[in-house]
Amino acid sequence: MSRKNYVDDYAISLDIGNASVGWSAFTPNYRLVRAKGHELIGVRLFDPADTAESRRMARTTRRRYSRRRWRLRLLDALFDQALSEIDPSFLARRKYSWVHPDDENNADCWYGSVLFDSNEQDKRFL
């Protein structure tokens with residue numbers, strides 16, 4: 001070919017980052033290649049990518065709570081027969097033990113006291 005600034009042999013260099021790509025074209029003796037009056041070097045900037053950390057944390061929390069509920073249900077199933085011989089309603093009361101007795105939203109609940117048959121037994125236990 002008879003073009004004036006034609007380069008037969010060149011290399012392209014890329015610098016790929018999180019939010020940008022840098023590039024250049026150079027000859028074997030490390031001089032920048034020129035085309036249309038400009039040196040072939042530049043950078044392209046992008047918006048940085050969002051990480052999946054928030055979704056991963058939510059998924060981890062969901063799985064942890066799910067496994068905890070599964071373990072508690074397994075324990076209930078394993079000890080249900082032995083506990084029902086001593087106190088048939090213990091597991092049902094324990095299920096609602098997190099409810100505070102002074103909570104107005106739970107004033108008409110069926111279980112009366114929190115864990116035991118009377119508030120006095122609850123106070124001795126707690």
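**Note on a predicted model: strands, loops and rings**

1. Start with one residue pair. Val21 has Arg44 of β5 as its bridge partner.

2. The strands concerned are β1 and β2, which pair in the antiparallel sense over 6 bridges. They form a hairpin, with 3 residues between the two strands.

3. What is the order of the strands in the open sheet? The order is β1-β2-β5, a sheet of 3 strands with antiparallel pairing. β1 (11-16) and β5 are the edge strands; each has a single partner, so one side of each has no neighbour in the sheet. On average, neighbouring strands of this sheet are turned by 15° against each other, direction ignored.

4. Now step back to the whole protein. There are 3 helices and 5 strands. Along the sequence the pattern reads β-β-β-β-β-α-α-α. Buried residues account for 11% of the 126 residues. Of the contacts with a separation of 6 or more, 12% join residues 24 or more positions apart.

5. Confidence should be read alongside the fold. The average pLDDT is 81, and 71% of the residues score at least 70. Which elements have the lowest and the highest mean pLDDT? Helix α3 (residues 119-125) has the lowest, at 66. Strand β5 (residues 41-45) has the highest, at 94. So the β5 edge of the sheet, where the strand has a single partner, belongs to the element with the highest mean.

6. Look next at Ser24. It is part of strand β2 (residues 20-26). Is Ser24 buried or exposed? Ser24 is buried, because its relative accessibility is 12% and the cut-off for buried is under 20%. Leaving out residues up to four places away in sequence, Ser24 touches Ala11, Ile12, Ser13, Leu32, Leu40 and Ile41.

7. How many aromatic pairs does a search of the whole structure find? It finds 1. The pair is Phe26 with Tyr30, and the rings are stacked, at 5.9 Å centre to centre with 25° between the planes. Tyr30 lies in the loop between β2 and β3 (34-35). Tyr30 is exposed, at 69% relative accessible area.

8. Two backbone angles deserve a check. Most residues other than glycine have a negative phi. Tyr30 is not a glycine, yet its phi is positive, at about 65°. Lys36 is not a glycine either, and its phi is positive at about 55°. Lys36 sits in the loop between β3 and β4 (38-39). Is Lys36 buried or exposed? Lys36 counts as exposed because its relative accessibility is 85%, and the cut-off for exposed is over 50%.

9. Arg64 places its charged end over the ring of Tyr65, 5.5 Å from the ring centre.

Notes
Residues are numbered from 1 along each chain as its sequence is written. This is a predicted model: local features need pLDDT of at least 70, side-chain atom pairs count only at pLDDT 80 or more; totals for chains, interfaces and linings use all residues. Side-chain values use heavy atoms; hydrogens and water are left out. Helices (H or I, at least four residues) and strands (E, at least two) are DSSP runs, numbered from the N terminus. Buried means under 20% relative accessible area, exposed over 50%, partly exposed in between (1.4 Å probe, protein chains only). Contact means heavy atoms within 4.5 Å. Rings of Phe, Tyr and Trp (its six-membered ring) pair if their centres lie within 6.5 Å; planes under 30 degrees apart count as stacked, over 60 as edge-to-face and the rest as tilted. A charge sits over a ring if NZ of Lys or CZ of Arg is within 6 Å of the ring centre and within 35 degrees of the ring normal. pLDDT is the predictor's confidence in each residue, from 0 to 100. Two strands pair if DSSP finds at least two bridges between them. Axes are lines fitted to C-alpha atoms, for helices over the stretch in contact, and angles run from 0 to 180 degrees between N-to-C directions.
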